[in-house]
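Thanks for coming. I will walk through a few parts of one structure, so please have the sequence and the view open.

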Amino acid sequence: AFPSAFAAVDLGATSGRVILGRVGPDNLDLTEAHRFANTPVRLPDGLHWNMLALFQETLDGLREAARTGSVASIGVDTWAVDYGLLDADGVLLGTPYHYRDSRTDDAAQRVWPRVGPEELYRITGLQHLSFNTVFQLASAAGSSQSDAARTLLLIPDLLVHWLTGTIGTEATNASTTGLFDARTGTWAGALLDRLSIDPALLPPLRHPGDPAGTLLPHVAAHTGLDASTPVITVASHDTASAVAAVPATEPHFAYISCGTWSLAGLELDAPVLTEDSRAANFTNELGVDGTVRYLRNIMGMWLLEECRRIWEARGLPAHIPVLLAEAARSTAFGAVIDPDDPVFLAPGDMPERIREHCRRTDQPVPDGRGAVVRCILESLALAHRRTLRQAAELAGRDITHIHLVGGGSRNDLLCQLTADATGLPVIAGPTEATALGNILVQARAAGLVADLAAMRRLVASTQHLRRYTPRGDSAAWDAAAARLTPARTEP
Ligand code: LFR
């Protein structure tokens, strides 16, 4: 019944996948063509993405997709802020850096003397994260690589360039750079000028749904796809794709896109650029159709992923179901941490950093892996609560329920704890929200879905969702929340 499928290339910070979606009036079926690990590489100059391996895996995934039948179009989404630089001949300069590389730790100090944090926020509406593109560029200013750079391509745009040969910047992802004007939805020309960034470095904007080109002959040859296969611009910032696929059918919803990061917030019609919003470090990133993703980054499942990596490196098997069962049996509210403390940003010995954080804050030190995982999940639930309450207050909106999407929605305990901590029902799923958002924007471009509301209705009626009701222990959560003084991450 479904002649062809849309291929989503969806790269996350720890794994990537190529997923096929078949879309009908009442159907939305996903098949995974290819899944692969995304393993960053440390070189003498810092932490990098293995960009060539990621492109190769993308091609292999598309070849798998081609084997299963005809592919109507392709869309690419990845994490935000990072980029590759091309020289005057269009050749990639070096290897893109990973946003967790420490070279940007103090880079804001190079930007603020020229444009202070308050003014930056009034223009860009962007939360302060040490690794925003604007700070990455500042940390590299004057290097031979920056001098040779003629074009900056964000990671999904770089992959699209390698697939099609075309050049452009997708707008939802452009909104995470710190070089984009949240009020006008265009590159922030005057800001670039004051930061001595050549505007020619930044390619023209493309919007979700725009055609991005067709396949280069060698890409068609390798994948077995027809060279005329279109690549469609999707919401190339993975979080924007995930929010587009939130299965909301009623107003007053909040969302948490929970993967390596927890992105918790609201969908608004217009940015909130107030000083209070800046002080609370909320971001106004662009969503599909000009919507505003008013949210905050919370450190997310990264804490657990990094603990598991460390445990496994020490020969301790760290299967998630086993760890979660141990966490469920552990004492509640042993210790809680502020997941957004910058000490948790870089890769490293996360279990020890968590114990150290507990010592520093005069709390019992979690003893054993179950207790560490319990501490992480309760702390994330508290961060979800704090963030959504603040978002509602700053935006002047009510929240009646929470949609928790992404890989974290598989984590039963986290979903229940989030419902308990917030006192709001949590609707969990879909897990592959990012790929779904990618596929649905392609389906809309093909005329199969009418608009954003119809995309969400289709997700709600076809995907498996679970509902968690708060268990009513709100006094215990209030007490736990009172134990934390969150780190001020804003300047
Ligand atoms: C999530 C995400 C966040 C962004 C972070 C770094 O995958 O895209 O939205 O802040 O990664 O790029």
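This is a predicted model: local features need pLDDT of at least 70, side-chain atom pairs count only at pLDDT 80 or more; totals for chains, interfaces and linings use all residues.

Residues are numbered from 1 along each chain as its sequence is written. Helices (H or I, at least four residues) and strands (E, at least two) are DSSP runs, numbered from the N terminus.

Strand β19 covers residues 292–298, and seven bridges join it to β17, with the two running antiparallel. Two strands count as paired if DSSP finds at least two bridges between them. Strand β17 also pairs with β16, residues 253–258, again in the antiparallel sense, over four bridges. A hairpin of three residues connects β16 to β17, and Cys258 has Ser262 of β17 as its bridge partner.

Is β17 enclosed or open? Six of its seven residues, in the run 262–268, are buried, so the rest of the structure largely encloses this strand. Buried means that 20 or more other C-beta atoms lie within 10 Å of the residue's own; exposed means 12 or fewer, partly exposed is in between, and C-beta atoms are placed from the backbone.

Next, the record. An unreviewed UniProt entry lists residues 254–446 as "domain: Carbohydrate kinase FGGY C-terminal". UniProt positions are given in the numbering used here, feature names are shortened, and annotations may be inferred rather than shown by experiment. Over residues 254–446 the chain is 46% helix and 16% strand, with 29 Å between the end C-alpha atoms.

Helix α17 spans residues 433–445. From first C-alpha to last, its 13 residues reach 18 Å, close to the 18 Å expected at 1.5 Å a residue; the expected span is 1.5 Å times one less than the number of residues. In α17, 13 of 13 residues are buried. Gly447 follows the helix, and its phi is positive, near 85°.

Now a second sheet. This one is open, with three strands in the order β8-β7-β9 and antiparallel pairing. The edge strands are β8 (92–93) and β9 (151–154), each with a single partner, so one side of each has no neighbour in the sheet. Strand β7, residues 83–86, pairs with β9 over four bridges, and Leu85 stands opposite Leu152 in β9.
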